[in-house]
Amino acid sequence: MLKLGRKRAEKLEFGIFTLPILISVIAVFYYPFIMTIRYSLTKWNGISKHPKFIGLDNFKQIFMGDANFTHAAWFTVKYMILYIVLINVLAILLALVLDMKLKSTNWLRAAFFIPYILSLVIVGFIWKFIFMQGFESLGQSTGWGVFALSWLGEPGLAFISVLFVSIWQSIGFYMVIYIAGLQSVPDDLKEAATVDGAGPVRRFFNVTLPLLAPSITISVFMALTNSIKVFDVILSLTGGGPGGTTYSVAYDIYRDTFQNNLYGYGTAKALILFVAVLIITIIQLTLFKRREVEA
């Protein structure tokens with residue numbers, strides 16, 4: 001009887017301590033998500049008390065007649081692929097250099113990580129000033145044609161500018177992940193590969209890189225989610241220009257929802273983005289986890 005009483009008391013105590021967390025999760029996550037699904041099926045301007053139910057019309061319009069969403073999706077896909085590849089390759093190379101025993105290693109690590117502390121909105125405004133005024137001054141003093149280009153005024157260059165600023169701001173974060181992964185690689189394996197006659201390149205691809213699989217999984221996952229929802233750097237750097245060529249899906253949702261007052265339509269786009277991110281991340285994690293097991 002005493003044991004049963006203790007078990008009931010423990011269950012009651014557990015329920016009392018977890019109930020506030022459950023209520024908070026329901027209020028902050030599940031309830032807004034259900035409301036998102038509800039509003040995605042309505043025509044609503046964000047002000048009226050009674051949104052008009054229109055069923056799946058918002059989704060039909062998005063997939064069949066919204067050229068802006070199609071262009072924004074294509075921009076996001078291109079940005080996502082290039083960002084994931086470049087940020088991880090550069091971060092690995094940077095981590096390899098800064099994992100060496102150099103006198104200035106700690107200073108260099110701090111220098112590369114500091115931009116990550118700054119908000120992308122602030123970084124975007126800083127680089128907007130550099131592209132528009134700093135490059136003009138550099139072009140006049142050096143005479144180099146690269147500084148005379150309209151980096152924010154031409155579609156191709158604006159895309160490169162957004163990608164460059166994003167990588168510059170966040171590379172320090174991924175560098176730290178890879179440095180931690182490199183430091184967890186056993187030295188005896190490297191020494192054994194050296195004794196077997198493996199050079200630095202072969203040693204990296206046959207020993208170091210396979211053991212970096214957990215770090216690669218984390219970094220690719222973070223890069224994937226950050227690139228799909230890219231918004232703040234576009235807002236501050238290009239404002240979606242020139243001519244709407246740098247609209248991402250997140251920026252297109254913001255424009256429809258808060259600028260055009262199409263709250264129901266914007267909510268439907270947000271729901272599509274959520275499902276896309278969910279599916280892509282599940283596939284990515286599944287594939288990379290298998291690679292970790294093989295390694």
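Me: Hi! Which residues in H7 meet which ones in H8?

Reply: Leu189, Lys190, Ala193 and Thr194 in H7 meet Arg203, Val207, Thr208 and Leu211 in H8. Contact here is heavy atoms within 4.5 Å. Helices (H or I, at least four residues) and strands (E, at least two) are DSSP runs, numbered from the N terminus. This is a predicted model, where local features need pLDDT of at least 70 and side-chain atom pairs count only at pLDDT 80 or more, while totals for chains, interfaces and linings use all residues. Residues are numbered from 1 along each chain as its sequence is written, and side-chain values use heavy atoms, with hydrogens and water left out.

Me: Good to know. At what angle do H7 and H8 pack?

Reply: About 165°, with the axes 10 Å apart. Axes are lines fitted to C-alpha atoms, for helices over the stretch in contact, and angles run from 0 to 180 degrees between N-to-C directions. H7 and H8 are therefore roughly antiparallel to each other; the classes are under 35 degrees for roughly parallel, over 145 for roughly antiparallel, 65 to 115 for roughly perpendicular, and oblique for the rest.

Me: How do the axes of H3 and H11 cross?

Reply: At roughly 150°, and they come within 8 Å. Asn68, Phe69, Ala72, Ala73 and Thr76 in H3 meet Val249, Asp252 and Arg255 in H11.

Me: What about Ser248, buried or exposed?

Reply: Ser248 is buried, with a relative accessible area of 0%. Buried means under 20%, exposed over 50% and partly exposed in between (1.4 Å probe, protein chains only). Ser248 sits in the loop between H10 and H11. Not counting residues up to four places away in sequence, Ser248 touches Ala72, Phe75, Thr76, Val230, Phe231 and Ile234.

Me: Which residues in the largest nonpolar core touch the most other members?

Reply: Tyr83, Phe131, Val233 and Leu237, out of 57 residues. A nonpolar core is a set of buried Ala, Val, Leu, Ile, Met, Phe, Trp, Tyr and Cys residues joined through side-chain atoms within 4.5 Å. Helix H6 gives the largest share, 14 residues. Val233 is in contact with Leu120, Val162, Val165, Ser166 and Thr238, leaving aside neighbours within four places in sequence.

Me: One last thing: where is Met222?

Reply: Met222 is in helix H9 and is partly exposed, with a relative accessible area of 24%. Leaving aside neighbours within four places in sequence, Met222 is in contact with Phe173 and Tyr174. Met222 and Thr281 are 59 residues apart in sequence and 9.6 Å apart in space, C-alpha to C-alpha.
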